[in-house]
Amino acid sequence: MRELRGIGASPGGAAGPVYRLAPPPALPPPAHTVDAEAEKAAVRNAVLAVAADLTRLADTTRDTTAAEVLRAQVLMAQDETLIDAADIAIDDGADAPHAITDVLAVHRAAFEAAGGYLAERTSDLDDLRDRLVAACLGLPMPGVPNPGHPYLLIARDLAPADTAGLEPALVLGLVTAEGGPTSHTAILARTLGIPAVVRCAGILDVTDGALVSLDGGSGVVVAGVSAETVTTVNTDRLAQIERRARSQGPGRTADGHPIALLANIGSARDLTGEVEGVGLFRTELLYLDRTDPPSHEEQVAAYADVFAALPGRKVVVRTLDAGADKPLPFLRLADEPNPALGIRGLRVARQTPSVLTTQLAAIAAAAAAADADVWVMAPMVATAAEAAAFTESCREHGLPTAGVMIEVPAAALRAGQVLSHVDFLSIGTNDLSQYTFAADRMCGDLADLLDPWQPALVALIASCAAAGVEAGKPVGVCGESAADPAFALVLAGLGITSLSMAPRSIPAVREALAAHTLDECRQIAEAAAAAPSPEAARAAAAGASRQLRYADGLSVR
């Protein structure tokens with residue numbers, strides 16, 4: 001057996017034979033002579049075929065984030081500037097596959113140079129290139145294998161089109177050599193409930209068909225396990241899935257202390273099963289890939305769909321989280337040398353205040369016609385003054401419950417002052433990690449710094465929770481870290497009042513909380529907070545949990 005270690009990205013265990021993602025099509029040698037018109041037609045036919053395939057995947061995927069990325073790929077493929085550039089390359093003697101490859105290489109270099117959000121999309125361009133080349137060559141689209149039985153999927157990384165069609169009954173687990181805990185692959189794995197490990201060095205050296213086990217919590221991957229181990233791991237996994245499927249009711253510790261378990265969604269389509277409410281309603285889907293902002297009426301209709309589905313329950317709406325690092329054409333923002341530190345989130349209102357006021361008016365109109373308990377929060381708030389101004393704007397629009405996201409260390413350090421102006425805080429651990437450690441969320445080489453168990457991040461969360469307790473106001477976590485059942489115990493022990501995550505992650509977190517009292521959660525949190533590293537924090541929390549359960553004579557609850 002050989003033990004490999006990566007970063008746990010989606011909790012749970014899985015085992016089985018591994019199969020790797022199909023490789024991209026090999027580019028043939030350049031043609032010596034070409035029929036220019038035939039090659040141009042081949043490019044256009046490839047664009048039509050790929051656009052149709054990606055649109056089908058976008059329409060059928062259950063994940064709105066994946067659908068959004070796939071539709072953006074369709075727009076890239078259909079971009080007339082790309083097709084025109086391919087025509088020019090063909091006129092210069094290139095065949096269709098090489099023309100596409102060369103043109104997209106230029107686009108890729110431009111995306112990398114732009115940095116920020118566009119740099120994150122280079123893998124989407126690579127996937128688009130591979131699909132267009134395959135279509136030109138008459139080859140099957142690259143993608144996920146189907147050996148006819150359940151397996152573990154291994155890959156360098158996964159493109160959105162690969163992850164969009166994953167079936168949890170077939171793909172038992174994911175292991176990638178690259179990526180990070182906040183990558184698209186990791187987020188979708190949690191959405192689908194598929195155990196996953198990312199940034200696992202050596203995984204690509206494992207041969208197809210080898211038996212492997214993975215632990216999506218600890219990040220441990222073992223190659224060369226026995227068939228008996230595979231059976232045991234998967235039997236335990238199925239029993240766990242069945243038990244969690246029966247799990248219902250609000251989130252509570254074993255002694256009845258409430259910890260609200262809420263859903264992260266992008267639209268009403270993401271509401272699967274019964275949920276207590278929504279802790280993060282991302283509104284960006286309405287704005288993406290548009291040359292004009294959505295109208296007041298369009299926004300009211302979209303918000304009303306979600307509110308109508310959750311009568312009497314809390315829905316926390318995040319105002320538009322976009323800007324230079326997530327470019328929207330209609331904002332017409334200037335290029336910035338460091339977009340992640342520029343005009344994004346609430347800061348967009350500095351230059352285009354009508355975007356925020358129109359959105360708040362639409363949220364208020366939809367809320368007035370529904371029974372949902374609508375809360376509103378702003379992203380990228382750095383100071384108490386910004387929080388106060390946002391709350392005042394919410395009040396002016398008739399929205400009674402206003403809060404802000406804690407993603408900037410400055411706001412976390414002054415959480416008490418921020419809370420004096422708002423009704424609640426919601427900690428976005430993904431961005432708070434990024435800014436605390438000066439580590440880009442999409443930089444796989446720095447994935448270890450984005451581990452939510454990092455002591456500095458735990459300390460910032462603890463200070464925000466303590467400020468909430470002192471002010472008597474709720475402080476939640478809506479970052480992906482909330483979906484980790486072990487970390488949820490730490491968050492509860494620190495004083496966090498709600499956890500928001502992908503709906504499929506809720507049963508596992510509910511089960512973890514129900515197995516521990518609030519006092520036990522506090523002891524687990526103390527053990528984790530005192531640890532010097534993420535690995536030590538995980539081990540300390542796990543050790544404290546085991547010790548407490550044995551001490552109570554409850555080794556099996």
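Author: Begin with burial: a residue counts as buried under 20% relative accessible area, as exposed over 50%, and as partly exposed in between. Keep in mind that this is a predicted model. By that cut-off, both Phe281 and Tyr303 are buried.

Reader: How do the rings of Phe281 and Tyr303 pair, and how far apart are their centres?

Author: Ring centres must lie within 6.5 Å to pair, and planes over 60 degrees apart count as edge-to-face. Phe281 and Tyr303 are 6.0 Å apart centre to centre with 85° between the planes, an edge-to-face pair. Phe281 belongs to strand S10 (residues 277-282) and Tyr303 to helix H10 (residues 296-309), so the pair links distant parts of the chain, 22 residues apart.

Reader: How many aromatic pairs does the rule give?

Author: The count is four aromatic pairs. One of them is the edge-to-face pair of Tyr19 and Tyr151, with 5.8 Å between centres and 85° between planes. Tyr19 is in strand S3 (residues 13-20) and Tyr151 in strand S4 (residues 151-155), so this pair ties together parts 132 residues apart in sequence.

Reader: What sits over the ring of Trp375?

Author: The charged end of Lys314 does, 4.1 Å from the ring centre.

Reader: How do I read a disulfide, and how many are there?

Author: Look for two cysteine sulfur atoms within 2.5 Å. The count here is zero disulfides. For Cys478, the nearest cysteine sulfur is that of Cys464, 12 Å away, and Cys478 is in no disulfide. Cys478 is buried, with a relative accessible area of 5%. Cys200 is also buried, at 0%.

Reader: Which strands join S14, and how do they run?

Author: Strands pair when at least two bridges are found between them. Strand S13 (residues 402-406) is joined to S14 by four bridges, and the two run parallel. Gly403 stands opposite Phe424 in S14. Three bridges join S14 to strand S15 (residues 475-477), again in parallel, and Ser426 has Gly476 in S15 as its bridge partner.

Reader: Which way do the residues of strand S14 point?

Author: In S14 (residues 424-427), Phe424 and Ser426 point one way, while Leu425 and Ile427 point the other way. All of these are buried.

Reader: Which residues have the most contacts inside the largest nonpolar core?

Author: A nonpolar core joins buried nonpolar residues through side-chain atoms within 4.5 Å. The largest has 93 residues, and Phe307, Phe390 and Leu499 have the most contacts inside it. Helix H12 (residues 353-368) gives the largest share of this core, eight residues. Neighbours within four places in sequence aside, the contacts of Phe307 include Val315, Ile363, Ala367 and Val374. Another core lies apart from the largest one and has 32 residues, among them Val47, Ala67, Leu82 and Ala99.

How values were computed
Residues numbered from 1 in each chain as written. Predicted model: local features only at pLDDT ≥ 70, side-chain atom pairs only at ≥ 80, totals over all residues. Heavy atoms only, no water. Buried < 20%, exposed > 50% of the residue type's maximum accessible area, 1.4 Å probe, protein only. Phe/Tyr/Trp six-rings, centres within 6.5 Å; stacked < 30°, edge-to-face > 60°. Lys NZ or Arg CZ within 6 Å of the ring centre and 35° of its normal. Contact = heavy atoms within 4.5 Å.
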